[in-house]
Amino acid sequence: MTLTQKPVAPGLFTWPTGESAPLRLIGSQCAACDLVSFPAAPVCVRCASDESTERLLADRGTLWTYTTQDFRPPSPPYDGPRTFEPYAVGYIELPGELLVEARLTEPDPDKLRIGQHMRLTLVPYTVQDDGTEVMTFAFAPAEEETS
Amino acid sequence: MTEAVIIGVGLHPFGRFAGKPALDMGADAVRLALADAGVTWPQVQGGYVGSYEVANPDAIVGRLGLTGIPLRGVFNGCATAGTAVAQAARAIETGEHDLTIAIGMDKHPRGAFAADPSVAGIPSWYGQTGLFLTTHFFGMKINRYMHDHGISHETLARVASKNFRNAAGNEKAWRRTPLTPEEVLASPVLNYPLRQFMYCGPNEGAAALVLCRADQAHKYTGTPVRVRSTALRSRRLGAFEVQSPSFPVGEPVDSPTTDASREAYERAGIGPEDVDVAQLQDTDAGSEVIHMAENGLCKDGEQERLIAEGATEIGGSLPVNTDGGLLGNGEPIGASGLRQIHEIVLQLRGAAGARQIPGTPRVGYTHLYGAPGVSAVTILST
Ligand SMILES: [Zn+2]
């Protein structure tokens, strides 16, 4: 059975993803000073230019820091499932681009460490009454790179 | 330019006061401050009043006397009270007023703050997916700081334990049950590495300060406290701040706390080595540790030894949050920084009772930090 899925917001990551359109976060790059932003920013926070181009961000990075969410956040704005499962969040450094805050697929802080290699994925962070899974971006521990 | 001095302080207890409006708590704090200064409301020429929950905090004049003075509402997140005192002092310094007041009050509902991210200029998905929690930032900042500077979980527990112990000796504090470091470490993790008893909670309360020109202080008090400097700074690009879906790569730039601290020391002509007692924003135990360094009071990583040695205890070389801080008092946002100054004024007068620090303290320091990356510092002296 195939569940219906939809992204939590348009323009946040490539959708739908497939072989011709791999999963990436959609950022922007300032046309005047090259500052990379996520989510895509209509106005640059460094030079105030309002000209930018879309930039697909790297799908791999390293964990800069993290924490856990062990209680259900207040609703609204949180609209995750009633049955709460603790999750983790962190900042992932995408080299040469930026540090992005995201949910992590691994909720156990003992299995996370600063400097760990991470890769982009999607998670169904909630399911609507009609069964539609709402997808958001997350980072998962990656196989350690062999260099 | 003339100098502003504090001649009266008033503090409504912090806690839960069912049925009592914030404006009434604020009016009580004002009356205490006026009585402490030995002045009456009609002598007050103007002032600044801060609140998050009260839509028109200037409505407090309806409870104090409709004398027609300018009373301006201010709000700068958790740095609101820093803004109120800075503006009140500025009104004296520039000669606009001879006698002025700074007031803060709030009455927050129970539990963590909840709002739509749009109020902070952040898209809705950030809140829907469970990222819009300020507590995440505090957990992540101290986790990175512990990794970089060798701070232990035990040190976080010692900070919380100290602040609850200090609050136990403060009849106006909210959380007055002492907790051992072991009890703090046994409480559930809320946002790793931070546990339940390492966080402050939003609550209710009010505080007020009466200020006047330094050259007129003798008319009111023998122990004026000088406002040596105030500084307020917002986040710069590249600083790691609360409510940031992303930030640029590279070495993180200094926090607004470091920026405000540097400016405040420079304007005061006072250095960190001169500070006798400090009140630092301890939203959580990790924040107090980090803020010791960001305010220049120690080097990064020195906290581990200083806290183990008891340096930040009331009898130590650098007492921090002698009244219990935010952990012991909770945080009514508009009042929090004025509560800090109230404590410093008592300490500099030698009137802090059981929690009086030893010796003859001359310089006190207060610091606020809040969303979305704003910090306020006030340096006071005898
Ligand atoms: Zn730019």
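**Zinc site, chain contact and selected residues**

Visitor: Which residues coordinate the zinc ion, and at what distances?
Guide: In this predicted model, the zinc ion is coordinated by the SG atoms of A:C30, A:C33, A:C44 and A:C47, at 2.3 to 2.4 Å.

Visitor: What is the geometry of the site?
Guide: The site of the zinc ion is tetrahedral, with angles of 99 to 117 degrees among its four donor atoms.

Visitor: And what spacing do the donors follow along the chain?
Guide: The spacing is C-x2-C-x10-C-x2-C. Within that pattern, A:C30 and A:C44 are 14 residues apart and link distant parts of the chain. A:C30 belongs to strand 2 (residues 26-30) of chain A, whereas A:C44 sits in the loop between strand 3 (36-37) and strand 4 (52-56) of chain A.

Visitor: Are those two cysteines, A:C30 and A:C44, buried or exposed?
Guide: A:C30 counts as buried, at 4% relative accessibility. A:C44 is buried too, with a relative accessible area of 7%.

Visitor: Where does A:F38 lie?
Guide: A:F38 lies in the loop between strand 3 and strand 4 of chain A. Its relative accessibility is 3%, so A:F38 counts as buried. The C-alpha atoms of A:F38 and A:S28 are separated by 6.7 Å, and these residues are ten apart along the chain.

Visitor: What does A:F38 touch?
Guide: Leaving out residues up to four places away in sequence, the residues that A:F38 touches include A:L12, A:L25, A:L57 and A:F137. A:F38 also touches B:W125, B:P245 and B:S246 of chain B.

Visitor: On to the chain contact, then. How many residues does each chain give?
Guide: The contact takes 42 residues from chain A and 36 residues from chain B. The area buried between chain A and chain B is about 3,300 Å², and carbon and sulfur atoms give 67% of that area.

Visitor: Which residues of chain A lose the most area to chain B?
Guide: They are A:W64, A:P77 and A:E101, which together make up 19% of what that side buries.

Visitor: Let us turn to chain B. Which strands pair with strand 8?
Guide: Strand 1 (residues 4-15) of chain B pairs with strand 8 (residues 225-234) of chain B in the antiparallel sense over two bridges. Strand 8 of chain B also pairs with strand 12 (residues 374-381) of chain B, again antiparallel, over eight bridges.

Visitor: Where is B:N203?
Guide: B:N203 is in the loop between strand 6 (194-195) and strand 7 (204-213) of chain B. B:N203 is buried, with a relative accessible area of 0%.

Visitor: What surrounds B:N203?
Guide: Not counting residues up to four places away in sequence, B:N203 touches B:F14, B:R16, B:D106, B:H108, B:W174 and B:E331, among others. A polar atom of the side chain of B:N203 lies 2.9 Å from the backbone oxygen of B:N329.

Visitor: One last residue. Where is B:S287, and what does its side chain contact?
Guide: B:S287 is found in helix 9 (residues 285-294) of chain B. Its side chain makes a polar contact with the side chain of B:D284, at 2.5 Å. Leaving aside neighbours within four places in sequence, B:S287 is in contact with B:F138, B:Q281 and B:D282. B:S287 is buried, with a relative accessible area of 6%.

Key. Residues numbered from 1 in each chain as written. Chains lettered and ligands numbered in written order. Predicted model: local features only at pLDDT ≥ 70, side-chain atom pairs only at ≥ 80, totals over all residues. Heavy atoms only, no water. Pairing = 2+ DSSP bridges. Helix = DSSP H or I, 4+ residues; strand = E, 2+ residues; numbered from the N terminus. Buried < 20%, exposed > 50% of the residue type's maximum accessible area, 1.4 Å probe, protein only. Polar contact = N/O pair within 3.5 Å; in protein donor to acceptor, adjacent residues only side chain to side chain. Contact = heavy atoms within 4.5 Å. Donors = N, O, S within 2.8 Å, 3.2 Å for Na, K, Ca; no water. Tetrahedral: all angles 85-135°; square planar, octahedral: opposite > 155°, others 65-115°. Buried area = accessible area lost by both parts, 1.4 Å probe.
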